[in-house]
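Me: I've got a model open here and I'd like to talk it through with you. Can we take it piece by piece?

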Amino acid sequence: MPRDKHNISRAQVSENALKVLYRLHKGGFDAYLVGGCVRDLLLGLEPKDFDVATNASPEQIKSLFSNCRLIGRRFRLAHVVFGRDVIEVATFRGHHPDEDESSPKGHSKQSKEGLLLRDNVYGSIEEDAQRRDFTVNAMYYSIADFAIYDFANGVKDLEAGVLRLIGDPETRYREDPVRMLRAIRFATKLGLRIEDSSRVPIAKLAHLLDNIPPARLFEEFLKLFLHGKAEANFLGLYEYGLFGYFVPQLKSALKNADSFEYRMVHQLFKDTDTRINGGKGVTPAYLFAALLWYPVNAHAEQLAQEGGLAEYDALQIAAADVVAKQSRSIAIPKRFSLPARDIWALQHRLQQTQPRKAERLLTHPKFRAGYDFLLLRSRIEGDAELASLGQFWTEFQKGKEVGGAPTRQARGPGARNAEDAPKRRRRPRRRKPADKPQDS
Ligand code: ATP
Ligand code: MG
């Protein structure tokens, strides 16, 4: 598609991406924008990032850019770094030799289930296009002639509103089951219909998500649920039986759409979209707190009954167990699982409404999240006690705003530490053997 037949102009491309394209071009290599950025520009959307594809090898790319580092094992890539902006540059991928498993140089590798473990065979731009996931993701914008090269009829599919895998769908899903998640995500993000032959195998192959490393599923989870389409993605994933693989501990409860679990998840994602589309942030900690609350609660109750533990202790143990179990599916970094546990603990602590305690709780760093979650629970469960507790906290905060004791913000961020410090000092210091030389 020559320049005068499409709407993409260089003014829409980031300066850094243009620098990379020109440098490669001047170095005698082919250089293209590829993937989501070309697709989004054709649709009149603003791309999230700009990816570059080239016939230069990773080493050749590195020698052209001083600000370049090579990354990735499964998929070797060059990152050209401009401060906080990173342009990803990939060498064209080629076809895999048939004897994948025993590929002599170890450039490609496939598991028994057909999963691609390594994908570092280089090739031509046509081959590169064949290895991409969807036709609308296999369009290239050339810096040499500003034309769009469309090897898989992506332009036609985009115009028809169709999301279609390249090649045999079942084979492509087996190579990389995350493509099933991507299918749902692109369909909702771009308003495309998943074409039948790409849609039908999903339910049957959903179980392959069990083989995806938890760190990768975490990344996909964020892309699905933190970009303003959480509800649509949830409903789409649910329809194809994919959602349960993110949160196995909810799998059986979610089968019943009237359950607290289902309604909690659905409402959570609706609220998430409202916040994000209203320009407010959402932390993954809150999402995990809400998703796992009922499993944590059920487990805590069981521990309390069987082990005779106090309610709060049972909750702490249950929280640790449930997070550990969850981390086998989605790796939740500690910076999110710890605040999630705070939010759970607050569900108990917020029951303490005596003025002194209540005032202290207002200064808890996770108070707001804990309070929001209390309100969410109250909406889901329709429980009168929870509702009046929520009401209490709403009123209590209002009262403070109008002129009660200063809040944490008013006293400054150091206030809480200062309060806690004397308590800490009272604890006996444990001395490690390594400390001794310094002490003497
Ligand atoms: P967005 O960035 O908006 O989520 P994108 O299409 O740019 O969408 P990326 O994950 O950034 O998605 O990937 C860039 C390109 O790399 C894709 O457009 C596609 O061509 C290719 N690609 C990414 N992941 C896969 C995959 N799992 N299998 C095949 N090709 C892929
Ligand atoms: Mg992208």
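Me: To start, what share of the residues of the protein chain count as buried?
Reply: This is a predicted model, where local features need pLDDT of at least 70, side-chain atom pairs count only at pLDDT 80 or more, and totals for chains, interfaces and linings use all residues. Residues are numbered from 1 along each chain as written, chains are lettered from A and ligands numbered from 1 in the order written, and side-chain values use heavy atoms, leaving out hydrogens and water. Buried means under 20% relative accessible area, exposed over 50%, and partly exposed in between (1.4 Å probe, protein chains only). Of the 440 residues of the protein chain, the buried share is 47%.

Me: What is the mean pLDDT of the protein chain?
Reply: pLDDT is the predictor's confidence in each residue, from 0 to 100. In this chain 86% of the residues reach 70 or more, and the mean is 88.

Me: And over residues 404–440, how many contacts does the model have beyond near neighbours in sequence?
Reply: The pLDDT is below 50 over that stretch. Where pLDDT is low, the predicted coordinates should not be read in detail. With contact meaning heavy atoms within 4.5 Å, the count for residues 404–440 is 17.

Me: How many helices and strands are there in the protein chain?
Reply: Helices (H or I, at least four residues) and strands (E, at least two) are DSSP runs, numbered from the N terminus. For the protein chain that comes to 22 helices and 11 strands.

Me: Which residues does the UniProt annotation "active site" cover?
Reply: The annotation comes from an unreviewed entry, and UniProt annotations, given here in the numbering used with shortened feature names, may be inferred rather than shown by experiment.

Me: Is D51 buried, partly exposed or exposed?
Reply: D51 is found in strand β2. Beyond four places in sequence, it is in contact with Y32, L33, V34, C37 and E88. Its relative accessible area is 24%, so D51 counts as partly exposed.

Me: Where is D49 found?
Reply: D49 has 39% relative accessibility, so it counts as partly exposed. Its place is the loop between α2 (36–42) and β2 (51–54).

Me: How many of the residues of α7 are buried?
Reply: Helix α7 covers residues 178–190 and reaches 18 Å from first C-alpha to last, close to the 18 Å expected at 1.5 Å a residue (the expected span is 1.5 Å times one less than the number of residues). The buried set includes R179, R182 and R185. Helix α7 is largely enclosed by the rest of the structure, because the buried residues number 12 of the 13.

Me: Which residues is L237 in contact with, leaving aside neighbours within four places in sequence?
Reply: L237 is found in helix α11 (residues 230–239). It is buried, with a relative accessible area of 0%. Its C-alpha is separated by 9.8 Å from that of L224, 13 residues apart along the chain. The contacts are L181, I184, L224, F225, L242, F243 and F246.

Me: Last one: which residues does S378 touch, not counting those up to four places away in sequence?
Reply: S378 is found in helix α18 (residues 367–381). At 14% relative accessibility, S378 counts as buried. The residues S378 touches are D383, L386 and A387.
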